[in-house]
Amino acid sequence: MDSFKDVLEAAQSYCKAQMAEPTYNLYIDGLEPISFEDSSHITLSVRNDFICKIVTDRYLGLLKEAFKTRYKRRRKFRKANRKLTTCAGTLGSLSFALGI
């Protein structure tokens, strides 16, 4: 199975194709994997809380779509109920559920 880093890189590639390059470089390119729990809850490292807020407000839907699109080769996802999305930490982390 692909590592979480491989899945993240595939999701980032998906996002890059959907976004202007400067926007991608600022908000998505710097995301780093922290954890992928139960193949449904993702936590990513972000550079700071400002980036986390922007990603959450503007690009979380795209990120979820990217992960679902790239990961569904391995699993099928069902529609998720509204799940908690959080930003926290000095460097910042973005945590969200895919809802499988």
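Predicted model: local features only at pLDDT ≥ 70, side-chain atom pairs only at ≥ 80, totals over all residues.
Reader: In which elements is confidence lowest and highest, and how do you know that?

Author: Go by the mean scores: strand β3 (residues 86-88) is lowest, at 54, while helix α2 (residues 21-27) is highest, at 96. Watch residues 74-84 too, where the pLDDT is below 50. That stretch still has 20 contacts in the model beyond near neighbours in sequence.

Reader: Why is R70 called partly exposed?

Author: Buried means under 20% relative accessible area and exposed means over 50%. R70 comes in at 26%, so it counts as partly exposed. You'll find R70 in helix α3.

Reader: What does R70 touch, leaving aside neighbours within four places in sequence?

Author: A10, A11 and Y14.

Reader: What makes up the largest nonpolar core, and which residues touch the most other members?

Author: That core has 23 residues, and C15, M19, Y27, I28, L44, L63 and F67 touch the most other members. Two or more residues each come from α1 (4-18), α2, β2 (41-45) and α3 (49-71). The largest share is from α3, at 9 residues.

Reader: Which residues does I28 touch?

Author: Skip residues up to four places away in sequence, and I28 touches Q12, C15, M19, T23, Y59 and L63.

Key: Residues numbered from 1 in each chain as written. Heavy atoms only, no water. pLDDT = per-residue confidence, 0-100. Helix = DSSP H or I, 4+ residues; strand = E, 2+ residues; numbered from the N terminus. Contact = heavy atoms within 4.5 Å. Core = buried A, V, L, I, M, F, W, Y, C linked by side-chain atoms within 4.5 Å. Buried < 20%, exposed > 50% of the residue type's maximum accessible area, 1.4 Å probe, protein only.
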